[in-house]
Amino acid sequence: MTALEITGVHAGYGDAPVLRGVDLLVAEHRLVALLGPSGCGKTTLLRTVAGFHPVTGGRIRVGDRVVESAATRVPAHRRRVTIVPQEGSLFPHLDVAANVAFGLKGRDRHDVADRVQRMLELVGLAEHRRRQPHELSGGQQQRVALARALAPEPDLVLLDEPFSSLDAQLRDQLRQDVRDMLRREGATALLITHDQQEALSLADEVAIMRDGRVRQQADPATLYARPTDAWTARFLGDSVVVDARVVGAGTRAETVLGTIDVTGPTDGRSVLVRPEQLRLGPDGVPGTIERTVFHGHDSLAHVRLVDGSTVAVRTPGAAPGPGREVRLVVVGPGWLLPEGGDD
Ligand SMILES: Nc1ncnc2c1ncn2[C@@H]1O[C@H](COP(=O)(O)OP(=O)(O)OP(=O)(O)O)[C@@H](O)[C@H]1O
């Protein structure tokens with residue numbers, strides 16, 4: 001079943017449009033990441049789903065109910081949608097258990113106690129139930145925020161950049177833990193993020209947003225390998241996009257990297273190759289290393305080709321230094337894109 005269905009949603013501030021026809025689906029028990037650059041409208045979309053900002057067109061369905069359209073507005077507290085915000089969202093005067101119990105008002109006292117205990121066990125904080133929020137680390141506070149959001153068994157959990165205030169190591173750990181907790185609880189979630197690695201490593205599907213529209217929604221591997229255009233390709237990671245002339249039955253293309261295997265739309269005019277598909281070796285097209293960036297596990301070498309263009313090559317370990325003459329081959333098919341250059 002589809003837990004969240006956003007269809008043709010428009011919204012803005014005053015006369016300024018921000019959402020310009022957003023379509024997005026989240027199936028039950030899935031985690032979808034909404035990924036896009038700053039200012040593209042992610043927060044505005046989250047606010048329309050939560051019931052804090054009106055739409056001017058389109059509709060939003062949560063479970064089997066339309067909760068938002070130009071004609072309908074279900075109040076936020078009746079939507080069965082909860083939010084894990086960025087940070088500092090816990091009630092400072094309530095202890096951990098009371099924070100988690102907050103959304104369970106009106107339920108039987110024993111049910112509340114059981115549910116709070118279960119949620120605290122889920123997030124690994126049962127022994128901290130009597131602590132005040134200021135006695136917890138940032139990561140622990142976000143775990144409590146997740147427990148609070150999951151406690152009422154919502155139809156949908158909105159995660160609003162919940163890891164952005166944490167340092168890198170803690171962030172990586174908490175991301176994976178949150179992913180596991182959502183799975184164990186069978187929750188349905190929409191994660192807002194501008195971090196490509198976060199979206200690709202956590203989500204079942206990623207929806208790419210640009211200028212108030214979702215450009216493409218797919219599982220991470222498909223999105224990375226088969227982006228809809230050059231902008232999406234570049235936004236998702238290091239990319240080599242070169243002009244292509246499709247030959248034969250559409251399975252080969254002539255490029256500055258040689259005649260290479262391709263897949264994708266046969267009317268494509270450029271081709272995407274990821275840097276890890278390029279290999280330095282004795283064969284292939286000639287080039288000169290211009291500069292290298294060492295990342296520890298691998299390096300990115302920027303190689304100038306004979307036509308003056310530069311392509312990025314990912315190599316294991318350290319790459320040869322600047323000035324070295326090298327040759328390049330493409331491994332695996334390139335992906336044809338409808339447009340070239342910068343989209
Ligand atoms: N309250 C507001 N009044 C007027 N304009 C706003 C308001 N909130 C956001 N905007 C504008 O709407 C656009 C989209 O903002 P939004 O916060 O939805 O983007 P975002 O993708 O969440 O960005 P970020 O990743 O930086 O949080 C931006 O141009 C922003 O300046």
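Visitor: Which residue in β20 is the bridge partner of L278?

Guide: Please note that this is a predicted model. L278 belongs to β16 (278-281), and β16 pairs with strand β20 (residues 325-330) in the antiparallel sense over four bridges. The bridge partner of L278 in β20 is V330.

Visitor: Which strands stand at the edges of the sheet?

Guide: Five strands make up an open sheet with antiparallel pairing, in the order β16-β20-β17-β18-β19. The twist from one strand to the next averages 50°. Each edge strand has a single partner, so one of its sides is left without a neighbour in the sheet; these strands are β16 (278-281) and β19 (310-316).

Visitor: How far apart do the C-alpha centres of domain 1 and domain 2 lie?

Guide: The domain assignment divides the protein chain into domain 1 (2-229) and domain 2 (231-337). The distance between their C-alpha centres is 37 Å.

Visitor: Which element gives the largest share of the side of domain 1 that touches domain 2?

Guide: The contact takes 12 residues from domain 1 and 10 residues from domain 2. On the domain 1 side, at least two residues each come from β9 (205-210), β10 (213-218) and α7 (220-225). By class, that side has four charged, three polar and five nonpolar residues. The largest share, three residues, comes from α7.

Note on methods: Residues numbered from 1 in each chain as written. Predicted model: local features only at pLDDT ≥ 70, side-chain atom pairs only at ≥ 80, totals over all residues. Domains from an automatic or database assignment. Contact = placed C-beta atoms within 7 Å. Nonpolar A, V, L, I, M, F, W, Y, C, P; charged D, E, K, R; others polar. Pairing = 2+ DSSP bridges. Axes fitted to C-alpha atoms, helices over the stretch in contact; angles between N-to-C directions.
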